[in-house]
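Subject: Structure for you to look through

Hello,

Please find the structure below, with the sequence alongside. My notes on what was found in it follow.

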Amino acid sequence: MAKIDKSFVKVRNLKKYFQTGTQIPFLKKPPAVKAVENVSFDVFKGETLGVVGESGCGKSTVARLLIQLIKPDAGEIIIDGLAVEKRGGISTRDLRHRMQMVFQDSYATLNPRMPIEESIAFGPISNGKKPSEAMLESKHFMDQVGLDPNIYLHRYPHELSGGQRQRVNIARALAMGPEVIILDEAVSALDKSVEAQVLNLLTDLKSDLKLTYIFISHDLNVVKYISDKVMVMYLGEVVEYGTVEDVYNSPKHPYTEALLASQPSMDPSRKLKTVPITGDPPNPINPPSGCKFHTRCPKVTDLCRTVNPKLQSTDNVDHLTACHLASNVTEVDVLNAQKGLNS
Amino acid sequence: MKNNSKNIAPTVLSVSDLKVKFVTPDYSVHAVNNVSFSLKRGEVLSVLGESGSGKSVTLSAIQRLLPKNITSVEGSIKINGEEILTMSARRLNQLRGGQIAMIFQEPATSFDPVFTVGQQITEGIRHHAGCSQSEADKKALELLDLVRIPSAKDRLHNYPFEMSGGMRQRAMIALALSCDPMILLADEPTTALDATVQIQILLLLKDIQKELGLSIIFVTHDIGVSIEIGDRIAVMYGGQIVETGNLAEVINDAKHPYTKGLLSSTIHANSSGKRLHAIPGSPPNLSNAPSNCSFSERCEFANETCKNTIPDNVKLGIERFSRCLRIGVWE
């Protein structure tokens with residue numbers, strides 16, 4: 001088991017609760033939204049990790065925690081061996097040089113009063129680069145994302161189309177010279193024909209600049225297309241993690257199975273006849289006990305209702321899942337777990 | 001063939017040469033240009049198009065929901081032979097809800113937050129059927145059962161915010177069906193939903209459609225969804241229907257470069273590893289009336305004629321049309 005630790009981004013036991021409302025003295029504490037709980041994963045250099053899940057499963061919260069837009073309640077984030085915001089680690093300011101993020105809404109993320117050139121140069125300038133130099137470089141980054149600097153340099157965001165604005169956002173992320181880019185639903189708002197253009201661009205940039213991507217999306221087909229590894233989330237927890245081939249071809253968690261089966265088929269002669277799973281995702285303020293998926297799981301057992309399964313390897317070491325039925329848990333483990341629960 | 005045509009279901013809705021233009025002092029948008037289609041009884045028509053292609057505007061025009069002061073609508077929209085565009089407001093009110101109903105994308109914003117779901121459903125029933133509250137209540141309960149809302153009786157007294165997204169969309173469908181319409185207009189009803197819930201709603205709609213013999217126009221930007229639900233498909237681009245026909249025929253054998261491009265740029269389960277065939281450029285600006293093929297700027301097969309002639313519909317089969325000047329040349 002002496003494996004060399006080559007993970008570039010390492011996340012361990014990340015936790016974030018959002019408090020709803022304000023605490024009034026002597027009254028009951030308002031409930032917290034358990035957005036992210038016990039999330040651990042690794043991203044290797046030069047790889048793309050796809051994160052999928054339904055709305056409210058915590059995938060965007062993980063992204064915002066990674067880049068320190070919000071502080072985690074617990075857990076650690078280690079990038080290239082350096083712990084973020086820990087002693088002897090890396091500060092948020094330095095982290096920004098290594099990790100950047102592209103958001104879903106390309107219009108809301110650009111300053112409407114700032115020409116494209118300035119938007120791209122803004123990051124480097126505020127990090128101490130000479131403005132004249134940074135402005136010159138922004139031309140280079142525009143070229144890199146396929147926007148003609150001669151035409152678009154002095155334009156404002158509202159003069160661009162959605163696809164072009166998303167290219168500007170990518171250029172702005174590249175301007176900081178990052179090694180990791182987090183793409184949070186970066187192509188979801190685009191039309192299909194434009195989405196393909198941006199995905200092709202991302203693929204090219206990744207191989208040219210040796211980038212690592214964390215690609216968050218609700219679209220399983222897009223994630224399958226762009227990713228090397230996939231992480232499936234449900235109600236703030238990771239339920240399955242593995243290579244694209246493993247997860248898509250032999251899903252181990254019933255939720256992943258249901259998610260894959262819910263995809264509309266692209267073949268008019270093979271339409272779905274029955275519903276893969278019923279019900280809506282539960283409210284993350286008051287998640288179910290035990291395995292959080294048990295309320296909708298077709299294979300639920302008594303054990304699932306009481307004990308939350310841990311994320312662990314299946315018969316394949318690199319394919320992890322959090323399901324009692326998939327892992328090779330023995331009866332003894334179960335009893336131990338229940339004892340632990342009662343004590 | 002003559003015998004066959006007798007078995008074909010009657011047309012319930014026919015739209016011909018619909019033109020919708022928005023005009024304000026600052027700008028004008030030619031949102032819909034010469035759209036014609038018809039809908040038969042018991043048929044599901046998927047309308048597929050990207051944002052700004054005019055699909056939602058077409059739906060709104062059918063119900064005359066567009067703001068009067070800035071819109072000009074030309075052409076003809078007939079429901080069972082009755083012209084909608086020149087109809088009196090009184091008659092229109094009878095038709096809306098009674099014969100033609102709509103499901104919107106965002107169930108959270110299309111319900112009134114200060115009334116319970118039950119109140120909102122019964123309001124329409126009482127207005128159209130003129131029955132008592134208790135009869136309306138009974139009908140509402142049946143409807144919630146029809147859309148498979150669990151413990152329907154309690155749910156009638158829920159406010160919209162007390163329901164989850166999927167449940168609200170089910171209630172929305174119940175509301176739309178409350179006055180036994182013949183035609184259901186669905187404007188991206190599953191776009192805001194999660195994948196596992198989306199497929200539930202799609203299959204529910206399909207079941208209800210078969211059970212009640214409804215005609216549905218289902219507007220969506222998602223090819224997978226349009227394939228899942230449709231019998232027939234109309235592909236819209238730049239305010240026009242560029243291709244229409246039987247769903248399987250269009251998807252398996254696209255006869256318009258845009259449909260072809262859309263299909264090949266869409267990622268499906270086995271496109272991993274391959275480079276995506278993207279359509280270059282971006283959708284057209286609709287501020288001027290069309291003077292050419294709206295797709296010609298992005299089309300790799302366009303020639304000079306395409307850039308200065310408006311293409312007509314080319315008939316390719318029974319109810320199968322493509323608006324392309326170079327049909328047969330580019331394939």
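A salt bridge is counted here when a side-chain nitrogen of Lys or Arg lies within 4 Å of a carboxyl oxygen of Asp or Glu. Side chains of opposite charge can pair when their charged atoms come close. Please keep in mind that this is a predicted model.

Between the chains

R275(B) and D204(A) meet that definition, as their closest N and O atoms are 3.0 Å apart. Between chain A and chain B the count is one salt bridge. There are also 15 residue pairs in polar contact between the two chains, both residues being at pLDDT 80 or more.

Which helices of chain A supply at least two residues each to the side that touches chain B? They are α7 (192–209), α8 (220–226) and α10 (254–261). The largest share comes from α7(A), with nine residues. By class, the side of chain A that touches chain B has 16 nonpolar, twelve polar and eleven charged residues.

In terms of contact, 39 residues of chain A meet 45 residues of chain B. About 3300 Å² is buried between chain A and chain B, and carbon and sulfur atoms give 56% of that area. On the chain A side, the residues that lose the most area to chain B are K192(A), Y225(A) and M266(A), which together make up 20% of what that side buries.

Salt bridges overall

Over all chains, the structure holds 27 salt bridges. One of them joins the side chains of E179(A) and R98(A), at 2.7 Å from N to O. These two residues are 81 residues apart, so the pair links distant parts of the chain. E179(A) sits in the loop between α6 (162–174) and β7 (180–184) of chain A, while R98(A) belongs to helix α2 (residues 92–98) of chain A.

Cavities

How many cavities of 30 Å³ or more are there? The count is six. The largest cavity holds about 80 Å³ of space. Its lining is made up of 14 residues, and P257(B), C293(B), C299(B), C306(B) and C324(B) lie nearest the centre. Of the residues lining the largest cavity, ten are nonpolar, two polar and two charged.

Regards

Notes: Residues numbered from 1 in each chain as written. Chains lettered and ligands numbered in written order. Predicted model: local features only at pLDDT ≥ 70, side-chain atom pairs only at ≥ 80, totals over all residues. Heavy atoms only, no water. 1 Å grid on protein atoms, 1.4 Å probe; cavity = no way out; pocket = protein on both sides within 12 Å on 5 of 7 lines; lining within 4 Å. Points joined across faces, edges and corners; volume = space filled by probe spheres on them. Nonpolar A, V, L, I, M, F, W, Y, C, P; charged D, E, K, R; others polar. Contact = heavy atoms within 4.5 Å. Buried area = accessible area lost by both parts, 1.4 Å probe. Polar contact = N/O pair within 3.5 Å; in protein donor to acceptor, adjacent residues only side chain to side chain. Helix = DSSP H or I, 4+ residues; strand = E, 2+ residues; numbered from the N terminus.
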